Amino acid sequence: MLTDRTAVRRLLHIDASARLGRSDEVAHGSHSRRLSHRFVTRRQTLRPDDGVIRRDVSACPPAMIDQAWIDASFTPPDRRTSIQSARLVESDALTAELLAADLLVIGVPMYNFGIPSQLKAWIDNVVRVGLTFGFDRRRRPEPYWPMLPAGRSVVILTARGDYGYDPGGRLAHRNVVEAGVTIPLNYIGLSDSHTIAVEYDEFGDERLAASIDSAERAIDALVDRLTGAAPDHPA
């Protein structure tokens, strides 16, 4: 969790929903975009001097990694060809945005129990040996280590068509959204995470309305806590 709440911070805001409109603006709009917008807007109100970088991986999907990307990524920078360096330009930019951020906010819907492929492509582009994680086969007992500085957090704001995906719920075993985000990000050093979700989207009745209201109130409380506007307590 962020420790110095008075310093200027930088937030990286990622949206991954294929629905480009928010559900509070258009019919059948994205709930995850609605939640991430609320989080960022409230935080900007409380911390107007903080910078915000916005990355819409659905509107502008990162390239999927391929053989050329792998070859370039695992070649030491001083030995890369101009073609290899060019192949990593996008990945370098995405990684630089992540490294510059103190807080990562991701609006991510559940698609077929997991994350959208565009967000997976973003993750694959920023989990980079020598940049966001280290590797040394001679290092014992663990040859891998995270390279992101400590004290950074990730907020996952998600939406689900069904209900009961939270821990202990009827469908918790089918929820691989949070794991799909937190496991690779924890691997590079983002170990402090918070999740807030909307459920019942496919039902579209009063349960959906109640879930949205609960999620928005939880977002307000989380923003207040992370910015120091409210006392710390478990999320």
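Arg170 sits over the face of Tyr163, 4.3 Å from the centre of the ring, in what is a predicted model.

A pair of aromatic rings is described by the distance of the centres and the angle of the planes. In the model, seven aromatic pairs are counted. One of them is formed by Tyr163 and Tyr200, whose rings are stacked, at 4.8 Å centre to centre and with 10° between the planes. Because Tyr163 belongs to the loop between strand S6 (153-159) and helix H6 (177-187), while Tyr200 belongs to the loop between strand S7 (192-198) and helix H7 (206-227), this pair ties together parts that are 37 residues apart in sequence.

Tyr163 also pairs with Phe203, and here the centres are 5.9 Å apart and the planes stand at 65°, which is over the 60 degrees required, so the pair is edge-to-face. Phe203 lies in the loop between S7 and H7 and Tyr163 in the loop between S6 and H6, so this contact joins parts that are 40 residues apart in sequence. Phe203 is partly exposed, at 37% relative accessibility.

A cluster of aromatic residues can be traced as well: Phe133, Phe135, Tyr144 and Tyr187 are linked into it by ring pairs.

Definitions and conventions
Residues are numbered from 1 along each chain as its sequence is written. This is a predicted model: local features need pLDDT of at least 70, side-chain atom pairs count only at pLDDT 80 or more; totals for chains, interfaces and linings use all residues. Side-chain values use heavy atoms; hydrogens and water are left out. Rings of Phe, Tyr and Trp (its six-membered ring) pair if their centres lie within 6.5 Å; planes under 30 degrees apart count as stacked, over 60 as edge-to-face and the rest as tilted. Helices (H or I, at least four residues) and strands (E, at least two) are DSSP runs, numbered from the N terminus. Buried means under 20% relative accessible area, exposed over 50%, partly exposed in between (1.4 Å probe, protein chains only). A charge sits over a ring if NZ of Lys or CZ of Arg is within 6 Å of the ring centre and within 35 degrees of the ring normal.
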